[in-house]
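Here are some short notes on the packing in this model. Please read them with the structure open.

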Amino acid sequence: MSELVTQQKANPVKSFIAGGFGGMCNVITGHPLDTIKVRLQTMPLAAPGQSPRYKGVIDCAVKTFRQEGLRGFYRGISAPLVGVTPIYAVDFAVYAAGKRLFQTDDHIRLTYPQIFAAGAFAGVCSALVTVPTDRIKVLLQTQTVGGGPLLYNGTLDTAVKLYRQGGFRSLFKGTCACILRDSPTGFYFVTYEFLQDLARRKSKTGQISTTSTILAGGTSGIVFWTLAVPFDVLKSRLQSAPEGTYKHGIRSVFRDLMATEGPTALFRGVLPILLRAFPATAAVFFGVELANDLLN
């Protein structure tokens, strides 16, 4: 496989295409566990003497399958599938553009602080593209099935209803939360590049392999999500709540969560997140590297 970070100048256009393909691989691989994650994060606090809606990852998976079948795990997938191309395309294109700013000639290797800076900037930009699709996805994933007619019937219907309720402001609800959630993107790229550099040094050919890409990509996903989980919980709560529930956005969500459920609530859904992180992020970088090979 080709090198994601080579000594040649980064190409934002090629990275845009490769990133979009990698994002599609990510969604197809990770959406079932993402659905479980969102449902665990947003389930209401059980009343005294009552059992919680879901007792954990396995219980949530079993109940989802019994009530909705296999389709239930892929509820809301069209929103991220439609959105992943621009989201991941922007992420990798901005990352490549950021690296290019530091590359004064065609054969200069970037330092890890430079990689971190380029990655952090890419995270902020991609977060801005992510917000509407994340908002739609969370609403579709969390609506109750079997208790009457559904409020939202698919991605387009959800988008139209949100726009009618509050215009673009409703569609972009949770923007600050998304930016905070994606803020560790610098660590994401640094981890990947460090492990791939290590693989190159240990390789007889000096090239990366499919195995090293999967291991480096998966590990970078674990690092990213370990740091991002608390912000992701706050984002999911905010985006799934009815209008007017949290008047001051993510700050109100944080105060309410601390008062009612305590600090441990910030890590609700961490198991499905980390279970999903390795294969889903490995799929991203595998897709990116495969696309780069084809483009070359």
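**Notes on cores and helix packing**

1. Start with F189. Leaving aside neighbours within four places in sequence, F189 is in contact with D91, F92, Y95, I115, G119 and F285. Keep in mind that the model is predicted.

2. F189 also stands out in the largest nonpolar core. That core has 40 residues, and F92 and F189 touch the most other members. Two or more residues come from each of α1 (12–42), α3 (78–102), α4 (112–142), α7 (185–202), α8 (210–240), α9 (250–260) and α10 (270–295). The most come from α8, which gives eight.

3. Next, the pair α3 and α4. Their axes lie 8 Å apart, and the packing angle is about 165°. Angles over 145 degrees count as roughly antiparallel, so α3 and α4 are roughly antiparallel to each other. Their crossing is right-handed. The contact of α3 with α4 holds 16 nonpolar, eight polar and three charged residues.

4. Then α1 and α2 (residues 57–68). How do these two helices lie relative to each other? Their axes cross at roughly 110° and come within 10 Å. The helices α1 and α2 are therefore roughly perpendicular to each other.

5. Look at the residues in that contact. From α1 come I36, R39 and L40; these meet V57, C60, A61, T64 and E68 in α2. By class, the contact has five nonpolar, one polar and two charged residues.

How values were computed. Residues are numbered from 1 along each chain as its sequence is written. This is a predicted model: local features need pLDDT of at least 70, side-chain atom pairs count only at pLDDT 80 or more; totals for chains, interfaces and linings use all residues. Side-chain values use heavy atoms; hydrogens and water are left out. A nonpolar core is a set of buried Ala, Val, Leu, Ile, Met, Phe, Trp, Tyr and Cys residues joined through side-chain atoms within 4.5 Å. Buried means under 20% relative accessible area, exposed over 50%, partly exposed in between (1.4 Å probe, protein chains only). Helices (H or I, at least four residues) and strands (E, at least two) are DSSP runs, numbered from the N terminus. Contact means heavy atoms within 4.5 Å. Axes are lines fitted to C-alpha atoms, for helices over the stretch in contact, and angles run from 0 to 180 degrees between N-to-C directions. Angles under 35 degrees count as roughly parallel, over 145 as roughly antiparallel, 65 to 115 as roughly perpendicular and the rest as oblique. A crossing is left-handed if the near helix is turned anticlockwise from the far one by less than a right angle, and right-handed if clockwise. Ala, Val, Leu, Ile, Met, Phe, Trp, Tyr, Cys and Pro count as nonpolar, Asp, Glu, Lys and Arg as charged, and the others, Gly among them, as polar.
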